[in-house]
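Please keep the sequence and the structure in view while reading.

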Amino acid sequence: MSEQERLLEYYPRFDERIIDRVAEVAYRQRGTSWEKIRRGLPDTKVFSTGNFAIELMDIISANGYDETWVYHCPMGNPLTDRMQLRIATLAAAQPDKRIVGIGNPSGPRQGVGKLPSSTLHAVWSGDLRPTIDPAMRYLSAQNIDKATHIGFSYGAEKAAAAAQYADRYDQAVPHGLFMEPVALKERGLLELGRDFNSTATALDGYVNAAANPAGVEASERAAEKSRGMFGYILGLLRLSNIAIAHALTEDGFESRATEALVKQEQMKTHLVWGTESELALHALMTKVTKRLTDRFGLDRVSSMKMEGQKHAMGDDLFLHTTIVLQSLISAV
C-alpha cells in the first residue's frame with residue numbers, strides 16, 4: 001500500500017496534492033534517523049517574560065517564509081524528541097512557513113513553563129491567558145503581528161486562547177486550527193484523568209501505523225528522558241498542571257473559540273476530531289460545530305471529523321501533518 005492510499009483510508013477527502021507532499025516527506029524520513037533529522041533543526045531556547053519562561057523551537061527556512069504558524073503542544077508535553085519531530089515533520093511538509101513550537105511543563109527536569117503562583121487561581125478558574133502570554137510576547141519581540149495558531153488536545157485550548165487574546169498584543173490571527181479540544185463538558189478531575197489515561201491504549205497503534213523508524217526512535221528517547229509514564233504522571237502533579245487540568249474540567253472551549261471569532265473578524269476556524277475520541281467527544285463536537293457555524297457561517301468555520309479515530313491519532317506523524325495541511329492550505 002502506498003502512503004497516499006494509507007492516508008486516504010483515514011479520510012477519503014484528503015486533497016491529492018497534499019497527500020503527495022506528505023508522502024514525499026514520509027519517504028525521506030523513513031530513509032533516515034531521528035538523530036540526523038535533529039541535527040538539521042534549530043536548538044530549543046527559553047524565552048522569559050521576567051516571572052514566566054517557556055521553551056520553544058523556532059524553525060525558519062533559509063529560503064524565507066510567507067506566514068508564521070505557532071504550534072501549541074499537548075498537555076504535559078515539553079519539547080522532547082517526540083514533539084520536536086512532530087513539529088519538524090510539519091515544517092518539512094510546509095517549508096515556506098515559519099513554525100514556532102511551544103512546549104509545556106512536564107516531569108522532573110522536563111519542560112519549562114511553570115506558571116507564576118499569582119496566576120494559578122485564574123488558570124484554575126478557566127482563564128488560560130497566563131498560559132499563552134509568553135508565546136504572544138515572543139511573537140511581539142520577533143516583530144510578528146500576524147500568526148496562525150495550531151494546537152492538539154490541551155494545545156487546541158491554548159491555540160483558541162491565543163486567538164481569543166491576540167488583540168491585546170496587537171496581533172492578528174488569520175487561522176485557528178483546533179484539533180481534539182478537551183474542555184467540552186464539565187467533569188471532575190478524576191474523570192478527566194481517567195479519560196486522558198484511556199487514550200494511551202491506542203497510542204502505539206498510531207505510532208506503528210506510520211511505519212517510521214525515526215518516529216519510534218524519537219518516542220523512545222522522549223520516554224527515556226521523561227522516565228516514561230511515571231515521569232509524565234509526576235509532571236501532571238505539578239501545581240501548574242493541576243491548575244491547567246482543573247481549567248479543562250470546565251466546558252470552556254466553545255466560549256474561547258466564540259470570543260476569538262468575534263475579536264478576530266477575519267479569522268477562519270478549523271475544528272478536527274475523531275468520532276471515537278475519548279476526550280473530544282463526537283456528540284459534543286458536533287453540537288459545538290453547529291452552533292459556531294450557525295453564528296459565524298461556513299466561510300469562517302470548517303470542520304473535519306475523522307471517522308473511527310481516537311484521541312491519539314496525532315501520534316501518526318504523517319496523518320497529523322496531512323490534517324494540518326488539509327485544514328490550512330486547502331482553505332486558502
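## Basis of the strand pairing

Two strands are taken as paired if DSSP finds at least two bridges between them. The model discussed here is a predicted one. In the antiparallel pairing of S1 with strand S2, which covers residues 53-59, there are 4 bridges, and Lys45 has Leu56 of S2 as its bridge partner.

## The sheet

The open sheet is built from 8 strands with mixed pairing, and their order across the sheet is S1-S2-S4-S3-S5-S6-S7-S8. Because strand S1 (45-48) and strand S8 (301-306) each have a single partner strand, they stand at the edges, and one side of each is left without a neighbour in the sheet. From one strand to the next, the twist averages 20°.

## Helices lying across the strands

Helix H6, made of residues 129-141, lies across S1, S2, strand S3 (67-72), strand S4 (97-102) and strand S5 (148-152), and it runs at about 95° to S1. Helix H14, made of residues 282-296, lies across strand S7 (268-274) and S8, and its direction is at about 165° to S7.

## A helix pair

Two packed helices are described by the angle between their axes and the distance between the axes. For helix H7 (residues 154-165) and helix H13 (residues 253-263), the axes come within 7 Å and cross at roughly 35°, and the crossing is left-handed. On the H7 side the contact is made by Ala156, Glu157, Ala160, Ala161, Ala163, Gln164 and Tyr165, while H13 contributes Phe253, Arg256, Ala257, Glu259, Ala260 and Lys263. By type, the residues of this contact between H7 and H13 comprise 8 nonpolar, 1 polar and 4 charged.

Terms used:
Residues numbered from 1 in each chain as written. Predicted model: local features only at pLDDT ≥ 70, side-chain atom pairs only at ≥ 80, totals over all residues. Heavy atoms only, no water. Helix = DSSP H or I, 4+ residues; strand = E, 2+ residues; numbered from the N terminus. Axes fitted to C-alpha atoms, helices over the stretch in contact; angles between N-to-C directions. Contact = heavy atoms within 4.5 Å. Left-handed = near helix turned anticlockwise from the far one by under 90°. Nonpolar A, V, L, I, M, F, W, Y, C, P; charged D, E, K, R; others polar.
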